[in-house]
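Please open the model in your viewer and keep the selection panel at hand. The stops below say what to select next and what is there.

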Amino acid sequence: MNILLAGANGQTGKILAERLVKSGYQVKGAIRKPEQVDGIRQIGAEPVMMDLTQPETFPQNLDGVDAVIFAAGSGGSAVEAVDRDGAISLIDAAKHANVGRFVMLSSIMVDTPEKGPEGLRDYLKAKRDADNHLKASGLDYAIVRPVALTDETPTGQVNLTDIDYQSASISRADVAHVLQAALERPEASQVTFEVESGSHLIDEVLREKLAA
């Protein structure tokens, strides 16, 4: 499988890129800055220049791509331009390029942004609009919505139900594991699920949820 990873230089994106390369995938790591090239090459991915605010950079990077994973984020500095419009434009470009699968890293509380922390409401609204666009796109998709991200050591265990919206967390490494599992499972089609650190092995709980 040939994968385009948007946000490959991000904290979660780097972990995911390493996982995918180790699993034998051909990974195009999308980056914005030339100084990020060496880091992506060291992971074993192919660095490609792609600015999410410039959709004209998308088509050439989608050539030959089987799946897109959107793990990019503006860090709150450009939620409309990157988290919403950038994601929407990449979804449209992926559909036009006949990409077979699109996996979106989203967030909890996207469907009820008004209930989220005040400082995150614009971000949650942007992610909601991007998620809804993906759902309506006709692409084969999976949307993963984690709670607060940490740099803790991965446990390989999560919960997908009874999510604690207020105080739960999950390591970025475990989120990367979930994103890869969602990518690899064909039955993870047209699905959206929330995830927190928990007590169930990632691959087992995903298999159970998708079989339900």
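## A walk through the sheet

Begin with strands S5 and S6 (residues 141–146), which pair in the parallel sense over four bridges, where pairing requires that DSSP finds at least two bridges between two strands, and where strands (E, at least two residues) and helices (H or I, at least four) are DSSP runs numbered from the N terminus. This is a predicted model, in which local features need pLDDT of at least 70 and side-chain atom pairs count only at pLDDT 80 or more, whereas totals for chains, interfaces and linings use all residues. Residues are numbered from 1 along each chain as its sequence is written, and side-chain values use heavy atoms, with hydrogens and water left out.

Within this pair, select Val 103 and then Ala 142, its bridge partner in S6.

On to strand S4 (residues 67–70), which runs parallel to S5 and is joined to S5 by four bridges; here Phe 70 stands opposite Met 104. From S4 the chain crosses through helix H4 (residues 79–96) to S5, again as a right-handed β-α-β crossover.

Next, show the whole open sheet of nine strands, whose order is S3-S2-S1-S4-S5-S6-S10-S8-S11, with mixed pairing. Strand S3 (46–49) and strand S11 (200–201) stand at the edges, each with a single partner strand, so one side of each is left without a neighbour in the sheet.

Finally, which residues touch the most other members of the largest nonpolar core? Of its 45 residues, they are Leu 5, Leu 20, Ile 69, Val 158 and Phe 193, a core being a set of buried Ala, Val, Leu, Ile, Met, Phe, Trp, Tyr and Cys residues joined through side-chain atoms within 4.5 Å. Helix H6 (residues 172–184) gives the most to this core, with seven residues. A second, separate core of 26 residues includes Ala 87, Ala 93, Leu 134 and Ile 143.

Notes. Right-handed = clockwise from strand over helix to strand, strands pointing away. Buried < 20%, exposed > 50% of the residue type's maximum accessible area, 1.4 Å probe, protein only.
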